[in-house]
Amino acid sequence: MSAILEVAGATRDYEIRAGGQSATLRALRGIDLAVEAGEVLAIVGESGCGKTTLSRLCLGIEQPTRGRVALAGQPIDGYHRLDRARLVQPIFQDPYSSLNPRQSLGSIVAAPLTVRGDGTRASRRTRAAEMMAAVGLPPHLIDAYPAQVSGGQRQRVAIARALIGEPRLLVCDEPTSALDVSVQSQIINLIGRMRRQFDLTVLLISHNLAVVHHLADRVAVMYLGLIVESGPTEALYARPRHPYTRALLDAILPPIPGARPRRIDIGTEPPNPLEPPSGCPFRLRCPQASEICAAAMPVATETDGGFYHCHHPLPFPVA
């Protein structure tokens, strides 16, 4: 396999106002990532860890402050926006705000072809109808408007729009979190089926570890702008080495009725990203932290086809 998306040493800084003074918020603090052609790589972590910022860099919406993002072997900022859009497309979190309420669903799905000037109006409508059928939308909805369909149907429209231009990479940023629980599994199964049907590569941004387990081939765990652990999904879920990964997995309700989940006590609040801790970013919440954790950032240690950054990796006793 070859990497369709590569991120090397990427940082992303934002200048903000805090307490009447300007400050630098480092949302990403040196991300190294490769997404191989045909795989699903999931990025997981708490809100505010930098997942969405990373997705924006991978889409070319923003550029890294330092470091490099490459798409299909070329710097992503070297593409014309139309050429970039032929390679990578997004599926956003909220289907209510990502669709133009004044356009019919058929026009929305065909929009990438319209912008590129592909085909005639009639051929674009035909192609939109075919793509809508592929994602499970009935034919009569081609002339409907977003307000006339459900949230799940809106997200199917967004998926059809993303796929109509035949991209190689989909970036899915929390694609089910704004939907009712009753339709979330339908959308996840649809993304999995489209991935196989169209031979897609998928970067999945999610905090839902059940969704990730169902879809992803590999998982990267983010904390405070860093990837602290990464590996094949089954290996990482079965044998996490970083305490933060273990804490995320322990937060999933056990499948056995009445069973109590085991938990690592990491408190509730992550540190202030404007004042990140020295050394390991997780040390202020980690029950295994020691002096070395404050003194130095742990180097990457390879394991199970992935890596982790931790001075005191698991296993350790969990109460």
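Which handedness does the crossing of H5 and H6 have? It is right-handed. A crossing is called right-handed if the near helix is turned clockwise from the far one by less than a right angle, and left-handed if anticlockwise.

Before I go on, some ground rules. This is a predicted model, numbered from 1 along each chain as its sequence is written, where local features need pLDDT of at least 70 and side-chain atom pairs count only at pLDDT 80 or more, while totals for chains, interfaces and linings use all residues. Side-chain values use heavy atoms, with hydrogens and water left out.

Helices (H or I, at least four residues) and strands (E, at least two) are DSSP runs, numbered from the N terminus.

Back to the helix pairs. Two packed helices are described by the angle between their axes and the distance between the axes. Axes are lines fitted to C-alpha atoms, for helices over the stretch in contact, and angles run from 0 to 180 degrees between N-to-C directions.

Take H5, residues 151-163, and H6, residues 181-197. Their axes come within 10 Å and cross at roughly 15 degrees. H5 and H6 are therefore roughly parallel. The cut-offs: under 35 degrees is roughly parallel, over 145 roughly antiparallel, 65 to 115 roughly perpendicular, and the rest oblique.

Who touches whom? Contact means heavy atoms within 4.5 Å. From H5 we have Gly152, Gln155, Arg156, Ile159 and Leu163. They meet Val183, Gln186, Ile187, Leu190, Ile191 and Met194 of H6. By class, the residues of this contact of H5 with H6 are seven nonpolar, three polar and one charged. Ala, Val, Leu, Ile, Met, Phe, Trp, Tyr, Cys and Pro count as nonpolar; Asp, Glu, Lys and Arg as charged; the others, Gly among them, as polar.

H5 has another partner, H3. The axes of H3 and H5 come within 6 Å and cross at roughly 30 degrees. H3 and H5 are therefore roughly parallel to each other. Their crossing is right-handed. H3 brings Leu105, Ile108, Val109 and Pro112 to the contact, and H5 brings Val157, Ala160 and Arg161. The contact of H3 with H5 has six nonpolar residues, no polar ones and one charged.

Now H3 with H4. H3 spans residues 105-116 and H4 spans 121-134. The two pack at an angle of about 115 degrees, with axes 9 Å apart. H3 and H4 are therefore roughly perpendicular. This crossing is right-handed too. On the H3 side are Leu105, Gly106, Val109, Ala110, Leu113 and Thr114. On the H4 side are Arg124, Arg127, Ala128, Met131 and Met132. That contact of H3 with H4 holds seven nonpolar, two polar and two charged residues.

Next, H1. Why is H1 described as largely enclosed by the rest of the structure? Because seven of its nine residues, in the stretch 51-59, are buried. Buried means under 20% relative accessible area, exposed over 50%, and partly exposed in between, with a 1.4 Å probe and protein chains only. The buried ones are Lys51, Thr53, Leu54, Ser55, Leu57, Cys58 and Leu59. Just after H1, glycine 60 takes a positive phi of about 80 degrees.

For cysteine 172, the nearest cysteine sulfur is that of cysteine 58, 12 Å away. Cysteine 172 is buried, at a relative accessible area of 0%. The sulfur of cysteine 293 is 5.9 Å from the closest one, in cysteine 280, and that is too far for a bond. Cysteine 293 also counts as buried, at 6% relative accessibility.

Some backbone details now. Glutamate 166 is not a glycine, and its phi is positive, near 55 degrees. Glutamate 166 lies in the loop between H5 and strand E7 (169-173). Is glutamate 166 buried or exposed? Exposed, at 58% relative accessibility. Leucine 224 has a positive phi as well, about 50 degrees. Leucine 224 sits in the loop between strand E9 (218-223) and strand E10 (226-232). At 10% relative accessibility, leucine 224 counts as buried.

Proline 315 falls in the segment after strand E12 (306-309).

Last stop, aspartate 94. Aspartate 94 is in the loop between strand E6 (88-91) and H3. At 28% relative accessibility, aspartate 94 is partly exposed. Aspartate 94 and glutamine 155 are 61 residues apart in sequence, and 8.0 Å apart in space, C-alpha to C-alpha.

Technical notes. Disulfide = S-S within 2.5 Å.
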